[in-house]
Amino acid sequence: MGGPQSVHVTGDEGVEMTESRTFTAQDPIRVFLLDDHEVVRRGLSDLLDAEPDISVVGDAENVAHALVRAPAVRPHVAVLDVRLPDGDGISVCRELRSRMPELAVLMLTSFDDDDALLDAIMAGASGYVLKQIRGSDLVSAVRTVASGQSMLDPATTARLMKSLRTEPAEQPAEAPELAGLSPREREILALIGDGLTNREIGKRLYLSEKTVKNHISRLLSKLGVQRRVQAAVLATHLEQPEQQPDTGGRTAR
């Protein structure tokens, strides 16, 4: 069984993140932990604090405490449990990254859940690993996301890639729902597919967050879907039609 596999993704501004930041004992990776089990938090803290270039700067047992404590300690990396008694780590990820765009989030869960994986990516998580991961691999995962790269557990990576390849095939490339979107809605849908938050989309398109939210509500309705992640799957259909020039020189497949 292999450890986590590092994969390159595009950063918030659409540029591949190839530069790695170096952390040291004098300037360690600041980590925040969120898990509702004290034993898990203590185990993670002991594991990570034993590394000279990693320092656990805070923890929380629920969503409410995490949203107060994490911004106060300004971590580089947040390790968040997906399932929590008062909510979920994915919503915490989305909220923390809206406040701290530079924050790298590593989702840690005991469940093998495709929907949670896709939701985590849409919320801006840098990685998603199962709690069965070896300690040394978790340490590597923290270092990987802290350096600006994205990583996923190999098994979940393979399954996600398979689902993203097969699910869009259920819909024709020129689905009527996509044809009904305005140019601005198509643009926003493409950015949703890139995993941007409403705030990030607004900055990219010079729109207010409220205007982006209104656009998204309309486009979800036009697409006939309720969840943002479903729209992200449909966004895979936008690339080929939008990239083809109007010259007629190339045949679409």
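Predicted model: local features only at pLDDT ≥ 70, side-chain atom pairs only at ≥ 80, totals over all residues.
Biologist: What is the phi of Y206?

Modeller: Y206 is not a glycine, although its phi is positive. The value is about 60°.

Biologist: How are α9 and α10 oriented to each other, parallel or perpendicular?

Modeller: The two helices pack with their axes 8 Å apart, at an angle of about 105°. Angles of 65 to 115 degrees count as roughly perpendicular. α9 and α10 are therefore roughly perpendicular.

Biologist: How many charged residues does the contact of α9 with α10 have?

Modeller: From α9, the residues N198, R199, I201 and G202 take part, and they meet E209, V212, K213 and I216 of α10. By class, this contact has 3 nonpolar and 2 polar residues, and its charged residues number 3.

Biologist: How many residues does the largest nonpolar core have?

Modeller: Those with the most contacts inside this core are L34, L80, V105, M107 and Y128. Elements that give two or more residues to the core include the strands β2 (29-34) and β7 (104-109) and the helix α3 (89-99). The core has 26 residues.

Biologist: Which residues does V105 touch, leaving out those up to four places away in sequence?

Modeller: V105 is among the residues with the most contacts inside the largest core. With residues up to four places away not counted, V105 touches A78, L80, C93, R97, A125, S126 and G127.

Biologist: How far apart are the end C-alpha atoms of α5?

Modeller: Helix α5 covers residues 135-146, which is 12 residues. At 1.5 Å a residue the helix should span 16 Å, and the model agrees with this. The end C-alpha atoms are 17 Å apart.

Biologist: Which residue with a positive phi follows α5?

Modeller: Buried residues of α5 include D137, L138, V142 and A146. After the helix comes a residue with a phi near 100°, and this is G148.

Methods. Residues numbered from 1 in each chain as written. Heavy atoms only, no water. Core = buried A, V, L, I, M, F, W, Y, C linked by side-chain atoms within 4.5 Å. Buried < 20%, exposed > 50% of the residue type's maximum accessible area, 1.4 Å probe, protein only. Helix = DSSP H or I, 4+ residues; strand = E, 2+ residues; numbered from the N terminus. Contact = heavy atoms within 4.5 Å. Expected span 1.5 Å × (residues − 1). Axes fitted to C-alpha atoms, helices over the stretch in contact; angles between N-to-C directions. Parallel < 35°, antiparallel > 145°, perpendicular 65-115°, else oblique. Nonpolar A, V, L, I, M, F, W, Y, C, P; charged D, E, K, R; others polar.
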